[in-house]
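Reader: Hi! Could you walk me through this one, helices and rings?
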Amino acid sequence: IANKFRSIDIESFLDTEIKKLAFMVEREAKMVTPVKTGRLRASIRVMGLGQKFREIIQPNVNYAIFVHEGTRYMRGRPFMFWGATAAAQDFNLTFTNDLKSHVERNFK
């Protein structure tokens, strides 16, 4: 049984799960982003840095921070925070199921 535990590639599994979470955050953030022209929503992207366990999700328009955080003339609408919060709730369930499946596959 110890050899089977050693054969589980947990690093690859976790890297894949982090990528999944990043795309879940992107999807959820796009769903709650305020839309006037659609440019802000379309600018939200996941950027893989070519490193394990690291992804960046961000909009790339210069006014995104003002929409997210607000100004003295406009209340903030933290669409990235809302997206991350929604994705985290979904991810808890999918991560547990994925981990269970990954371990079961390696013990057969």
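Author: Happy to, starting with a term: a crossing is left-handed if the near helix is turned anticlockwise from the far one by less than a right angle, and right-handed if clockwise. Helices are DSSP runs of H or I, at least four residues, numbered from the N terminus. This is a predicted model, where local features need pLDDT of at least 70, side-chain atom pairs need 80 or more, and totals for chains, interfaces and linings use all residues. Residues are numbered from 1 along each chain as its sequence is written, and side-chain values use heavy atoms, without hydrogens and water.

Reader: Thanks! Which hand does the crossing of α2 and α5 have?
Author: α2 passes α5 in a right-handed crossing.

Reader: Now the rings: how many aromatic pairs are there?
Author: The structure holds 2. Rings of Phe, Tyr and Trp (its six-membered ring) pair if their centres lie within 6.5 Å; planes under 30 degrees apart are stacked, over 60 edge-to-face, and the rest tilted. Phe13 and Phe95 are a tilted pair, 5.7 Å centre to centre with 45° between the planes. Phe13 sits in helix α2 and Phe95 in helix α5, 82 residues apart.

Reader: Is Phe95 buried or partly exposed?
Author: Phe95 is partly exposed, at 24% relative accessible area, while Phe13 is buried at 7%. Buried means under 20%, exposed over 50%, and partly exposed in between (1.4 Å probe, protein chains only).

Reader: And why is the pair of Phe91 and Phe95 tilted?
Author: Their planes are at 40°, with centres 5.6 Å apart, so the pair counts as tilted. Ring pairs link Phe13, Phe91 and Phe95 into a cluster.

How values were computed. Helix = DSSP H or I, 4+ residues; strand = E, 2+ residues; numbered from the N terminus.
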